[in-house]
Each structure stands twice: as C-alpha cells, then as structure tokens.
Amino acid sequence: MNPPRPERWAHVPEHTWNDWTWQQQNRLTRLPELEAAFRLTPEERRAFEASAASFRVSITPYYASLIDPDDPSCPIRQQAIPQLGELEVFDFEHRDPLAEEQHMPVPGITHRYPDRVLFYVIHHCPVYCRHCTRKRKVSDPTTAAALRQIEEGIAYIARTPAVRDVLLSGGDPLSLSDARLDMILERLLAIEHVDLVRIGTRNPVTLPQRITPALAEVLRRHRPVYVHTHFNHPRECTPEAARALNLLADAGCVLGNQMVLLRGVNDDPELVVTLNRWLLRQRCRPYYMFQCDMAQGITHLRTPLSTGLKIIDRLRGHCSGMAVPHFVVDLPGGGGKISLLPEYLQGRDGPWVTFRNYQGDLYRFYDVPEG
Ligand SMILES: *Cc1c(COP(=O)(O)O)cnc(C)c1O
Ligand code: SF4
C-alpha cells in the first residue's frame, strides 16, 4: 500500500525512519531540499520563493514519501508544496476568517460557543498544510504560546464554569512534549466543570511515528480524551497511520476525523467513501467534512458548496451511516459552524410531506400538526 520510499531515504534504517525525532529533525523546509526530493515545476519554485516567508514550508520525510515526485497534480503535493494560487488575493478573503482573535477573553483562548473553548497551546506542526485556515499565525515562531500563556488559559477555564469541553489546538498539540501534554490534561480534567478534553492533531497523518507507546500511556491516564484528526485522502491511509490510530483507540481515546474538502485533492464522492471506510476500520469516525474557509491564499483549493452536498448525497444510503460526516461551513466573522444537507424534503401538501430518498425515489409522509 505504501509507495516505495524515495531513493534519498532508501538507506535510512527502519528504526531510524520510525523514530519521530529523526522525522522531525529531517523535515524538508528549504527550496534545495524540495528540489532534491521532487521534480518541481517552475510555478512551484516561484510559489515557494514568494510564500515561504509568510507561511513556512515543512514536510516530514514520511509525508514527503507519500508525494508522487513527478506528478504536479498529486493530492498530497497540493497539501504540502506551495502552489501559485497561494499568491492570489481576493477582496472577499480574510486573514482571520473565523474572527478567532476577536473572541479571545485571554490570549490563546477563543470562546465563542457557550460551553466550549478552543485553546491554542502551540503554533508548530510537523507539516504546514497549504490550506491551513490559521496561516496568519501557525508556523510563526514569534506567536508561540509560552508556558505563562498556557497557565493563563487554564486559569480562565477554571474560573469559567460554563466551559465543559476544551479543544486543544494550535498548531498541533502533539508537537508538545509528552510531559507538557500530561500536565495540561491533568490540570484541565481536574477542573470540576470540565467534562472532556479534545486534541485536534494532524500527527497521525503527517507524523504517525509521534504516536508512541509512551504518548499512548499518557493519554490512557486521562479521560475522557477525544482526538480529532485530519485525514483528507486515501493515500494518507498507510500502515503507519493505521498503527497510530489503533494505538490511540487502544489507549481509550475516542477518535474522529475532520476532513477539509479541497479542489483537486478529495472533491470526489468515491474517494471520500474509500477514505471513510478505512477510517471506520481504524475506529475513527468521520466527524466533519469542512467547506474550505475564506482565508487568504487558499481560494485556489476551494470547491463550490454543491460539491460537498453531492458527496453527502452519495454517502447517505450507500454506506454505513457512521461513515457520513456533517458537512460544515464555519461562518466568516465568527458566526460559528452550520451544517448543510442535500434537499430531501421536496414539497408539502397539507399534512402530507414528500421526501426524496437516497435513490431519488419519492415517498409521502403524514406529518402531525404542530402544537
Ligand atoms: C469548531 C469550534 C469549536 C468546536 O465545535 P464543535 O462543533 O463542538 O466540534 C469550538 N469553538 C470554536 C471557536 C470553534 O471554531
Ligand atoms: S496541522 Fe492543522 S494547524 Fe497545522 S498547518 Fe495543518 S491545518 Fe494548520
């Protein structure tokens, strides 16, 4: 299932390749390193030079090994190597499309919904996704959350009884050390009104070696911990990724996937069926399928809303209901998330409602009166 390891790393012993610190230290970040690993197009070279200063490039050797070195349209490449589309600016785009900086009671916490908060604990990630909605600050070392900011975030949650659900985010929280993560989970779950902690991480996709037995042991000590990951394409569904997800599930974590719908990457119903079936086999439930946000420099990756609706329509009825995520738009300006469904309700005639099912057949349903 894995493509053969690129020649450049063919000599690396298996135990070194599987060591996440080696993967982390050997990330491709500079143009000559990319040139040595892939056949770049002139457009990619220009895009790198123009964009890398504002949003860094970083690709683990593992994730790089999933990229077809010769195919400019490779779906993994679109997610990791800058394309010219990143340089286009449109007036409808926002630097902070979800107004996360405006709903910050303390630095590092976005509190928008009554009962849950986003808690940014680090701004680094093993791989910087070109479609990241937080490009404005992720990868920028000057904005990293210091320990003091983490302390202040915990203090805010402790004095805010409405908060029941804390989503650790970033960056990627698994870029923290096991000890730091252990401390944060310990402190948060000791707060009486906190029901659960979620960790939003792409490590199972971009650096699955990071999911070590030692990390799993830390997670096993704390519960309930939900892990939301971010698989976008069946090519990311490798034996290493399966091992990482199963280790997390065995440690008692509840796993969910947050896919981002991307043009030319995963805007195809059959592909999403394949991806979601694989995820279910690893005990990871498709949770959200996100419409790509109105962030600057990612418009070239966006799909029309109709694409997402077609995918949901294809999933519904044809595969396990557990494989059907919510198709979600995160509204600009901090409106929050809304979910969209294909139009199943076709019409109403008094109490009689007409529905369309997944095969397109019509059914009449007698509705009871309101009140
Ligand atoms: C997405 C998000 C959450 C979590 O939303 P769920 O729908 O509960 O997964 C919480 N806070 C903010 C600001 C968010 O954007
Ligand atoms: S892992 Fe998440 S936070 Fe990091 S670059 Fe990718 S989308 Fe952004």
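Reader: Why is W352 called partly exposed?
Author: This is a predicted model, and in it W352 has a relative accessible area of 32%. Buried would need a value under 20% and exposed a value over 50%. The 32% of W352 lies in between, so W352 is partly exposed.

Reader: What makes Y366 count as partly exposed?
Author: The relative accessibility of Y366 is 47%.

Reader: How many aromatic pairs does a search of the whole structure find?
Author: The search finds nine. One of them is formed by F90 and F92.

Reader: What makes the pair of F90 and F92 stacked?
Author: The ring centres of F90 and F92 are 5.3 Å apart, and rings pair when their centres lie within 6.5 Å. Their planes make an angle of 20 degrees. Planes under 30 degrees apart count as stacked, so this pair is stacked.

Reader: How do you know whether F90 and F92 are buried, exposed or partly exposed?
Author: F90 has 32% relative accessibility and F92 has 40%. Both values fall between 20% and 50%, so F90 and F92 count as partly exposed.

Reader: Why is the pair of W352 and Y366 called edge-to-face?
Author: The centres of these two rings are 5.3 Å apart, with planes at 75 degrees. An angle over 60 degrees counts as edge-to-face, so the pair of W352 and Y366 is given that name.

Reader: Which parts of the chain does that pair link?
Author: W352 is in strand β11 (residues 352-356) and Y366 in strand β12 (residues 362-366). The two residues are 14 residues apart, and the pair links distant parts of the chain.

Reader: Which residues do ring pairs link into a cluster?
Author: W9, W17 and W22 are linked in this way.

Reader: Why is A99 called buried?
Author: The relative accessible area of A99 is 2%. Since buried means under 20%, A99 is buried. A99 is placed in the loop between α6 (75-80) and β1 (109-113).

Reader: What is the phi of A99?
Author: Phi of A99 is near 50 degrees, a positive value in a residue that is not glycine. Most residues other than glycine have a negative phi. R283, also not a glycine, has a positive phi of about 65 degrees.

Reader: Where is R283, and what makes R283 partly exposed?
Author: R283 is in the loop between α12 (269-281) and β7 (284-290). Its relative accessibility is 44%, which lies between 20% and 50%, so R283 counts as partly exposed.

Reader: What kind of peptide bond joins G170 and G171?
Author: The bond is cis, with omega about 10 degrees. Most peptide bonds are trans. G171 is found in the loop between β3 (165-169) and α8 (178-189). Another cis peptide bond joins R223 and P224, with omega about 0 degrees. The loop that holds P224 runs between α10 (213-221) and β5 (225-229).

Reader: Which residues are around ligand 2?
Author: They are C125, V127, Y128, C129, C132, G171, R202 and H230.

Reader: What makes this shell five nonpolar, two polar and one charged by class?
Author: Cys, Val and Tyr count as nonpolar, Arg as charged, and Gly as polar. With the residues sorted this way, the shell around ligand 2 has five nonpolar, two polar and one charged residues. The space that ligand 2 takes is the largest pocket.

Methods:
Residues are numbered from 1 along each chain as its sequence is written. Chains are lettered from A and ligands numbered from 1 in the order in which they are written. This is a predicted model: local features need pLDDT of at least 70, side-chain atom pairs count only at pLDDT 80 or more; totals for chains, interfaces and linings use all residues. Side-chain values use heavy atoms; hydrogens and water are left out. A residue is near a molecule or strand if one of its heavy atoms lies within 4 Å of it. On a 1 Å grid over the protein atoms alone, a cavity is a set of points where a 1.4 Å probe fits but cannot get out, and a pocket is an open set with protein on both sides within 12 Å along at least five of seven lines; lining residues have an atom within 4 Å of a point. A molecule sits in a cavity or pocket if more than half of its atoms lie within 2 Å of its grid points. Rings of Phe, Tyr and Trp (its six-membered ring) pair if their centres lie within 6.5 Å; planes under 30 degrees apart count as stacked, over 60 as edge-to-face and the rest as tilted. Buried means under 20% relative accessible area, exposed over 50%, partly exposed in between (1.4 Å probe, protein chains only). Helices (H or I, at least four residues) and strands (E, at least two) are DSSP runs, numbered from the N terminus.
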